[in-house]
Amino acid sequence: MTAQALNQTDRRKILIRGFTVAMLLTAMMSVTLFASAGTLAWMQAWIFIGLFVVYFALWVWWGLRYSPELIMERGQALQKRDSKQWDQILVRVNLLLSIITYVVAGLDAARYGWTLIPAPYQVVGLAFILFGYIFPFWALSNNPFASGTVRIQTERGHTVSTGGPYRFVRHPMYVGAIVADIGIPLFLGSYWALIPGALMAALFIYRTWREDVTLQEELPGYKEYAQKVRYRLLPGVW
């Protein structure tokens, strides 16, 4: 489906679904952050939520304009029967860890002040968050099969993507997610929140391994691609 072929009904469905998901996620972040903080006077939390809203809006706009099939795929990923069950579990665990991160950050940075992260480290955290949005977006724009869960999209003619960041690592979207998972606690100002953040990063490393094995076994051409692009996440390391 091209952007030109997307009819008004499909466009409306995508917009409604995107708006609903954005509202739910924004509400979840807002409630967990500010309820645990016990105050609305938390600038870092407002900036973080604002960045998420802007990113999500840009993603929906881009998807509608350039890759409607991708945005529809990602929006329905958890509903696909052929999505790997282990990955559906990991996605839900990741969401739970995100909530725990926000709660711990609110309790630590805004309510009780258990730890104090210097402003320069918070700036580094903000840079990590921005990287965690921009780098995966680069990957999305070069991979029309970047589903939200691991599955071989045979009905869409699934092929290996090799452009953009896929020239350097095999799982660039997870690179961005891992960096953001460390950046969010730093920017919010909580060392304690780095614990669930690090668990999320470890979860993505495990997910990378499982997904890579699946793709090598089930996606034609991926083994050859893996021989050319040797590293999954970090060039020279793994």
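**Notebook: aromatic rings and helix packing**

I began with F137. At 24% relative accessible area, F137 is partly exposed. For the classes I used these cut-offs: buried is under 20% relative accessible area, exposed is over 50%, and partly exposed lies in between, with a 1.4 Å probe and protein chains only.

Ground rules. The model is predicted, so I kept local features only at pLDDT of at least 70 and side-chain atom pairs only at pLDDT 80 or more, while totals for chains, interfaces and linings use all residues. I number residues from 1 along each chain as its sequence is written, and my side-chain values use heavy atoms, without hydrogens or water. Helices are DSSP runs (H or I, at least four residues), numbered from the N terminus; strands are E runs of at least two.

**Entry 1: aromatic pairs**

A pair of rings is described by the distance of the centres and the angle of the planes. I counted rings of Phe, Tyr and Trp (its six-membered ring) as paired if their centres lie within 6.5 Å; planes under 30 degrees apart are stacked, over 60 edge-to-face, and the rest tilted. This rule gives 15 aromatic pairs.

I looked at W62 with F137. Their ring centres are 5.5 Å apart and their planes stand at 70°, so I logged the pair as edge-to-face. The two are 75 residues apart: W62 sits in helix 2 (residues 43-66) and F137 in helix 5 (residues 119-140), so distant parts of the chain are linked. W62 is buried, at 13% relative accessible area.

Next came Y174 with F204. Here the centres lie 5.4 Å apart and the planes meet at 45°, so the pair is tilted. Y174 belongs to helix 6 (residues 172-188) and F204 to helix 7, so the pair ties together parts 30 residues apart in sequence. Y174 is buried at 11% relative accessible area. F204 is buried too, at 9%.

Which residues do ring pairs link into a cluster? I listed Y55, W59, W61, W62, Y66, Y133 and F137.

**Entry 2**

Two packed helices are described by the angle between their axes and the distance between the axes. My axes are lines fitted to C-alpha atoms, for helices over the stretch in contact, and angles run from 0 to 180 degrees between N-to-C directions. Under 35 degrees I call roughly parallel, over 145 roughly antiparallel, 65 to 115 roughly perpendicular, and the rest oblique.

The axes of helix 2 and helix 5 come within 12 Å and cross at roughly 10°. I therefore noted the two as roughly parallel. Contact means heavy atoms within 4.5 Å. Helix 2 supplies Q44, F48, L51, F52, Y55, W59 and W62. Helix 5 supplies Q122, L126, I129, L130, Y133, F137 and L140.

For classes I count Ala, Val, Leu, Ile, Met, Phe, Trp, Tyr, Cys and Pro as nonpolar, Asp, Glu, Lys and Arg as charged, and the others, Gly among them, as polar. The contact of helix 2 with helix 5 has twelve nonpolar, two polar and no charged residues.

**Entry 3: helix 7 and its partners**

I took helix 6 with helix 7. Their axes come within 8 Å and cross at roughly 175°. They are therefore roughly antiparallel. Among the contact residues are Y174, I178 and D181 of helix 6, and F204, R207 and E211 of helix 7. By class I recorded twelve nonpolar, two polar and three charged.

Then I took helix 4 (residues 85-112) with helix 7 (residues 194-218). The axes come within 9 Å and cross at roughly 165°. That makes helix 4 roughly antiparallel to helix 7. Which hand does the crossing of helix 4 and helix 7 have? It is left-handed, meaning that the near helix is turned anticlockwise from the far one by less than a right angle (clockwise would be right-handed). The contact includes W86, D87 and L90 of helix 4, and F204, R207 and R210 of helix 7. It divides into twelve nonpolar, five polar and four charged residues.

**Entry 4: single residues**

I49 lies in helix 2 and is buried, at 6% relative accessible area. Leaving aside neighbours within four places in sequence, I found I49 in contact with T26, S30, L33 and F34. I49 and S30 are 19 residues apart in sequence and 7.3 Å apart, C-alpha to C-alpha.

S83 sits in the loop between helix 3 (68-75) and helix 4. Is S83 buried or exposed? At 6% relative accessibility, S83 is buried.

R230 lies in the segment after helix 8 (222-228). R230 is exposed, at 58% relative accessible area. From R230 to V169 I noted 61 residues in sequence and 7.4 Å in space, C-alpha to C-alpha.
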